[in-house]
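Please open the structure in a viewer and keep the sequence at hand.

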Amino acid sequence: MARRPQLRLFSEESFLSEVPTEVPTVSQQRKFYAPDRPEDVSRQWHIHSQLSKVVGSVFEEAQCDTLCHFITPNHTKSRSKVVYPESLTCGIYLKSALADAATTLAKDDRQSSHLRPELLKHFRRCSYHYSVTVPIIVECGNRFRSLANDAMDLVNARNEEDLCVENDALFDEDDSDELLNLQEVMFDVFKYQHRTFSFAISIFGDTCRLLRFDHSEAVATMPFKWTSTQSTLHTFLWKIARMDNGLIDLGYDPSAVVASDGERAMFAAMASTPFLPQELRTYVEQATADSAPVYKVTVTTAPPTDDEGLPDVPVTADKSLPDTLASNVPEADAGPRTHGPPRYRMHTFLIGDPLFAAEALVGRCTKGYVAYRLDEDVPVENRLCFLKDCWRPYVAGRTRPEHLVYERLHSHSVQLIASLICGGDVGGPRAQQTTVQNFLSDEVHQRPVPRVHYRLVTQEVGIPVTEFKSFQELAGVFAAALAAHSEAWNKAQLLHRDISVGNIMIDPNSRRGFLIDWDLSRFEPELGKGPVEPDRSGTWQYRSALLLQFPRKPCRPSDDMESFVHAFRQLVLRFTRTSVTETLLSHVTTTYEEYFQRDGVLMGGQCKLSQFWYPHPPFDVVGDVHLQELLDAVAKGCYSFYDQVKLPHMQAFYGIEVKNEAQIKPRTDPVDVNFLKRLRDAIPNAAPSVSSIFKHPVSVTSHPASLDEHDPCEVDGFLSSHSGLLDYLVQYAVLDEVHVRGEDYFKKYMSDLREASTSTRNLSRSNIGSLSMAGSVSSSLPLNRRLQLPRVPIASSGESVRSGSSLDSLSRKHARQDEGEGTSMCPVGEVSGGSKARAKSRAKQAKDID
């Protein structure tokens, strides 16, 4: 689940103290525009016009020639004619030739608009790629008047030492439109720009708050009035206009600069090279499309720091798999690490729009790019590669950069994994970190884990496993990924811990599978023995039933093996007809999305657990007897494994204690034993008497006294070895007849999903399925208690490589298209769509604008 950002509330003075540069003098403040009090907070245009004058006056006095303010509405149309904006948004924009070209309305746009020319000059197209620097959300209406009044009452009621609190009532789950809009806008800012953080402004009526987002948490001021020239808003605008370091102080990443026209042309030319598979040519075309900029980014490699190195793990005997399952993966430079002065090396790459972006504002927030290598000594056929950009957690002694893991795997000749080119923290070891945690004190809050901006580059550009052509090919791809998992465990003693549909890729050249995303992996000595702190590492829907049911259980290879089973079953459900196709939404959400909290710890897996108690799969395949036989064999293997699991023992050592409310006491009321036995004996054809089903009194302990006697984690059988599942997959993969992949049934049943999403409160990016987080994050973080299908923009190339919910990657795409959320750069004459609820207010908005 992608975590919803927690708003840490601060006083205005505390917030402004973290914004560099001086405050304006009294004489300078007198020259600022004092807005009229927007008495009618339902008139959105009046608020925007007043805000525009405020920003203009402050920037003029500050002599700022790099920033400006524009209104950027989302538009809709009726009968091919543009009508009034369905909503008004605005922001602080950069002044540059690229930004001006991206936002200026074309002649046709102006001619087709119904707005008067004197009003139209205030409007621009929204461009998250080039220009929006500080998003501004403006809300109006009676509900927001009430919200503003409640906010001011809250300000007056609180003392300074009480200001640093989570989950202020203004952002409660039952009344969170403001936060929802902010999340949507901020997600697009972070997706399309290279930012380390971003400021934002939220205005409701005559009340305002300032915000600062990075990938650990969000900081917000308490609400304040902005109708005087001495307001916090005026001061904030002055400070950002006078920043000494310019774009860096506004949160722009200095390691990413816009590429030259010549560099862009080199990258785009790869789309026409004959040696590239068609899938990769398409990726290049999308990355270098005219609507998006191409950036030149750097990756800095350096020796590992002392607190984030690899453990010394002894090498076991070579248990490599047969050559028939191996691919010729080139080895990375993996020489021994030496101590001494840091040796940095810079690598430069070109990237365009992300191929995928994780639907989150906090956490790793991974983005994946098709990249072009600029190193001169690289042949042209090897210049195309894959760049992963993320914010990795940093906990001394517990975390490490992912490229170190790749180096260790390659040093042990582990095959069927990506080939490492380089990796490192952006700008050097921990050079770019989140800072919200520095604003907080442990006495007030548990600080979020610091996160470090990190990039990893690998040679292979894989395509999602969902692009398989037949189920026989799918079985072969899974066999290859399973072989990589086996080699990593048997050769390097490394456990992946995040097996999912998103982390199994297909090489478009060989059509073989390979396993990616080793950032959550752990070596065997690090896995622990006995109860461990609950964590949420991995992707929720693919986690084993035991890890979900018993949060203190340490991870074992059998848990990853079970994740392969869940991922394969899910793809069968999605791409061929089964006995549960008509009830797909119910089956998938119940099996993969269920969760609950016990003592603040997230738990689930009850449905998965019940399915493994039977030697049959939970559904039947229609029309493919061999695929059904494969699923049957796997189900029997899983059943044989779980038949050995002692749940009372597992609960005793690794479960979260359940409050016992049952009252067991000696019986005092009389019972007529003879009468009850006569009732039983009077039944015709009664079954012969059976032995007692009660083995021991209730009060007797039924589990071993200690883990030394028997660790319930250590279970032998089908899921404890790679050989059984691998053999089944290979047998199916080599069949003479193939079962061609069918239609996408998740997509076909989108109408059910949309209906479900509208019947539930939709808080963006709060779906349980998209969880993929490091175990260092507190497991007691507040989480949404309802299944929600977020509306999140996804890459035009298809689905996220690390998918979220089983169904949410598709629901996001269709929901945004159907409900008018899909166009962030929508000119006045272009269709953006609109929901029925918004349509009701257009007439009133049109009146306000006129």
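**Salt bridges across the chain**

Select Glu263 to begin: in this predicted model, Glu263 has a relative accessible area of 15% and is therefore buried. Lys296 belongs to strand E12 (residues 295-301) and Glu263 to helix H10 (residues 261-269), so the pair ties together parts 33 residues apart in sequence. Lys296 counts as partly exposed, at 25% relative accessibility.

This bridge is one of 25 salt bridges found in a search of the whole structure. For another, select Glu279 and Arg511, where the closest N and O atoms are 3.6 Å apart. This pair links distant parts of the chain, with Glu279 in helix H11 (residues 278-287) and Arg511 in the loop between strand E21 (504-506) and strand E22 (513-515), 232 residues apart. Glu279 is partly exposed at 27%, whereas Arg511, at 18%, is buried.

Then move to Lys388 and Asp519, whose side chains form a salt bridge of 3.3 Å, N to O. Lys388 lies in strand E16 and Asp519 in the loop between E22 and strand E23 (522-523), so parts 131 residues apart in sequence are tied together. Both partners are buried, Lys388 with a relative accessible area of 4% and Asp519 at 11%.

**A network around Arg430**

Which residues do salt bridges with shared partners join into one network? Select Asp307, Glu308, Arg392, Asp425 and Arg430 to display it. Centre the view on Arg430, in the loop between strand E17 (420-425) and helix H13 (436-439). The side chain of Arg430 also makes a polar contact of 3.4 Å with the side chain of Thr305. Other residues that Arg430 touches include Tyr394 and Val452. His453 is 23 residues from Arg430 in sequence, and their C-alpha atoms are 7.3 Å apart.

**A buried histidine**

Select His129, in the loop between helix H6 (117-120) and strand E6 (132-139). His129 counts as buried at 8% relative accessibility, and its side chain makes a polar contact of 2.8 Å with the side chain of Asp353.

**The second largest cavity**

Finally, turn to the cavities, of which the whole structure has eleven of 30 Å³ or more. To find it, select Phe190, Lys191, His215, Cys365 and Lys367, the closest to its centre of the 16 lining residues. Helix H8 (177-192) and strand E16 (384-393) each give two or more residues to this lining, and H8 supplies the largest share, three residues. By class, the lining comprises seven nonpolar, five polar and four charged residues.

Methods:
Residues numbered from 1 in each chain as written. Predicted model: local features only at pLDDT ≥ 70, side-chain atom pairs only at ≥ 80, totals over all residues. Heavy atoms only, no water. 1 Å grid on protein atoms, 1.4 Å probe; cavity = no way out; pocket = protein on both sides within 12 Å on 5 of 7 lines; lining within 4 Å. Points joined across faces, edges and corners; volume = space filled by probe spheres on them. Helix = DSSP H or I, 4+ residues; strand = E, 2+ residues; numbered from the N terminus. Nonpolar A, V, L, I, M, F, W, Y, C, P; charged D, E, K, R; others polar. Buried < 20%, exposed > 50% of the residue type's maximum accessible area, 1.4 Å probe, protein only. Polar contact = N/O pair within 3.5 Å; in protein donor to acceptor, adjacent residues only side chain to side chain. Contact = heavy atoms within 4.5 Å. Salt bridge = Lys/Arg side-chain N within 4 Å of Asp/Glu carboxyl O. Lists of a residue's contacts leave out its neighbours within four places in sequence.
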